[in-house]
Amino acid sequence: MDLRYSPEEQAFEAEVRAFLKTDLPRDLSDKVRRQASLTKADMERWHAILNAKGWLAATWPKDHGGCDWSAVQQHIFEEECCRAFAPRIVPFGLKMLGPVLLKFGTPEQQADYLPRILDGRDWWCQGYSEPGAGSDLASLKTRATRDGEDYIINGQKTWTTLGQHANRIFCLVRTGTGGKPQAGISFILVDLDIPGIEMRPIRLIEGGYEVNEVFFTDTRVPASNLVGEENMGWTIAKYLLLHERSNIAGVGFSVQALEQLKSLATQITRGGKRLIDSPLFAARLAEVDIDLEAMKLTNLRMLSEAQKKGAPGPETSMLKIKGTVIRQTINDLARRALGPAAAPFPSEALDGNAAPVPEDHAANAASYFNNRKISIYGGSNEIQKNILTKGMMG
Ligand SMILES: Cc1cc2nc3c(=O)[nH]c(=O)nc-3n(C[C@H](O)[C@H](O)[C@H](O)COP(=O)(O)OP(=O)(O)OC[C@H]3O[C@@H](n4cnc5c(N)ncnc54)[C@H](O)[C@@H]3O)c2cc1C
């Protein structure tokens with residue numbers, strides 16, 4: 001198998017690089033480089049720039065305003081965006097719901113919702129998890145009861161990422177009982193600005209706010225918001241999760257983070273020596289560097305397979321596990337490199353005598369804590385291991 005880019009792919013890579021040089025706003029890339037939080041307006045601005053270029057929806061067909069890029073083109077685009085410190089594309093509408101509507105939606109749903117995702121009128125969030133239904137998603141209890149031309153929804157969702165910015169949520173709801181729990185689930189689209197919905201923030205360990213709880217109380221939704229048929233939600237959920245997991249490998253993010261770590265280890269000195277020259281630290285760096293190189297090759301190998309099959313398969317679980325472990329290892333090494341400066345609340349601060357923690361350092365500590373999530377969301381790594389084992393052993 002030849003893992004080098006073809007001449008066309010190399011030309012595409014050069015085109016993406018040139019575009020990012022001219023069209024990626026400097027203030028946005030500076031924010032990403034400093035690992036600062038992006039506002040809703042920042043994310044929308046980047047989406048609008050990509051949409052104007054026709055580069056926002058990588059996987060969608062051209063006649064729906066997408067790029068119809070091959071798996072390798074998508075990979076090149078994501079790598080280059082990471083290298084240039086571009087904001088990440090918010091995935092819920094573009095990478096999750098879009099593919100679902102294209103496969104399972106009615107022509108009316110496609111015509112109604114897809115353009116609104118592209119031009120930013122709609123910001124979607126994902127309502128899968130519930131307090132008692134995370135890894136065991138099929139045990140979800142939020143109920144949708146048919147009442148004439150509507151469904152009435154009651155229940156609670158949790159961990160709803162960026163829901164505070166959203167005007168719509170796609171939900172898994174229980175519509176049937178009896179038989180296997182997977183058999184009674186439906187996939188439904190809900191406007192967030194209708195009566196009977198309350199969203200409450202959840203604070204994360206690093207102090208940030210990006211996840212929410214969502215409560216539904218007698219929330220009335222038109223039956224035409226159902227995607228696919230009643231009780232076929234599990235099939236749709238699984239299809240969406242394959243797309244969600246393939247984005248979570250994050251090779252580009254790790255490449256970017258490793259470069260920043262190497263630069264940090266060159267600046268920091270211990271006992272008069274640069275940290276990067278310490279045999280122990282250098283060995284740790286080399287280990288994760290080698291793992292990342294192996295991951296890049298595995299990723300390309302799988303992309304080449306996915307290209308032949310036309311869709312990502314269960315191997316995305318492997319990418320998800322390895323990709324998230326590598327990113328967390330890099331975060332951990334940055335935390336170790338910083339030593340006491342990585343503590344977000346140095347005890348001396350209480351005396352008012354603490355030297356201020358430089359902005360770059362504070363961001364590393366925050367990233368370390370924030371990225372504890374990546375081995376959990378999208379289906380925890382333990383669950384991915386179960387999926388892989390089942391695939392291999394039956
Ligand atoms: C920051 C963040 C953002 C998220 N965003 C969203 C979102 O936008 N929308 C959404 O719907 N959900 C979201 N999630 C939810 C996420 O998908 C769940 O947290 C995840 O599926 C794990 O479920 P749980 O938290 O209920 O943990 P549990 O299922 O209670 O698991 C707890 C621990 O037990 C392990 N475990 C459980 N069952 C098994 C088993 N059978 N074998 C081995 N180990 C097992 C797990 O791996 C984990 O380590 C988000 C989560 C986080 C942390």
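Is Gln35 buried, partly exposed or exposed? In this predicted model, where local features need pLDDT of at least 70, side-chain atom pairs count only at pLDDT 80 or more, and totals for chains, interfaces and linings use all residues, Gln35 comes out as partly exposed, at 29% relative accessibility. Buried here means under 20% relative accessible area, exposed over 50%, and partly exposed in between, with a 1.4 Å probe and protein chains only. Residues are numbered from 1 along each chain as its sequence is written, and side-chain values use heavy atoms, with hydrogens and water left out.

Gln35 sits in the loop between α2 (26–33) and α3 (40–53); helices are DSSP runs of H or I with at least four residues, numbered from the N terminus. Its phi is near 60°, a positive value in a residue other than glycine. Asp68 has a positive phi too, near 55°, and belongs to the loop between α3 and α4 (71–83). Asp68 is partly exposed, with a relative accessible area of 48%. Most residues other than glycine have a negative phi.

On to the ligand. A ligand nitrogen lies 2.6 Å from an N or O atom in the side chain of Thr161, and a nitrogen atom of the ligand is 3.1 Å from an N or O atom in the side chain of Asn386. An oxygen atom of the ligand is 2.9 Å from a polar backbone atom of Tyr128.

Helix α5 (residues 91–104) has 14 residues and reaches 18 Å from its first C-alpha to its last, close to the 20 Å expected at 1.5 Å a residue, that span being 1.5 Å times one less than the number of residues. A kink of about 40° lies at Leu97, shortly before the proline Pro99; the bend is the angle between axes fitted to the seven residues ending at a residue and the seven starting there. Of the 14 residues in α5, 12 are buried, including Leu97 and Pro99.

Finally, Thr298, in helix α9 (residues 279–309), is buried, with a relative accessible area of 17%. A polar atom of the Thr298 side chain lies 2.7 Å from the backbone oxygen of Ala294.

Conventions. Polar contact = N/O pair within 3.5 Å; in protein donor to acceptor, adjacent residues only side chain to side chain. Helix = DSSP H or I, 4+ residues; strand = E, 2+ residues; numbered from the N terminus.
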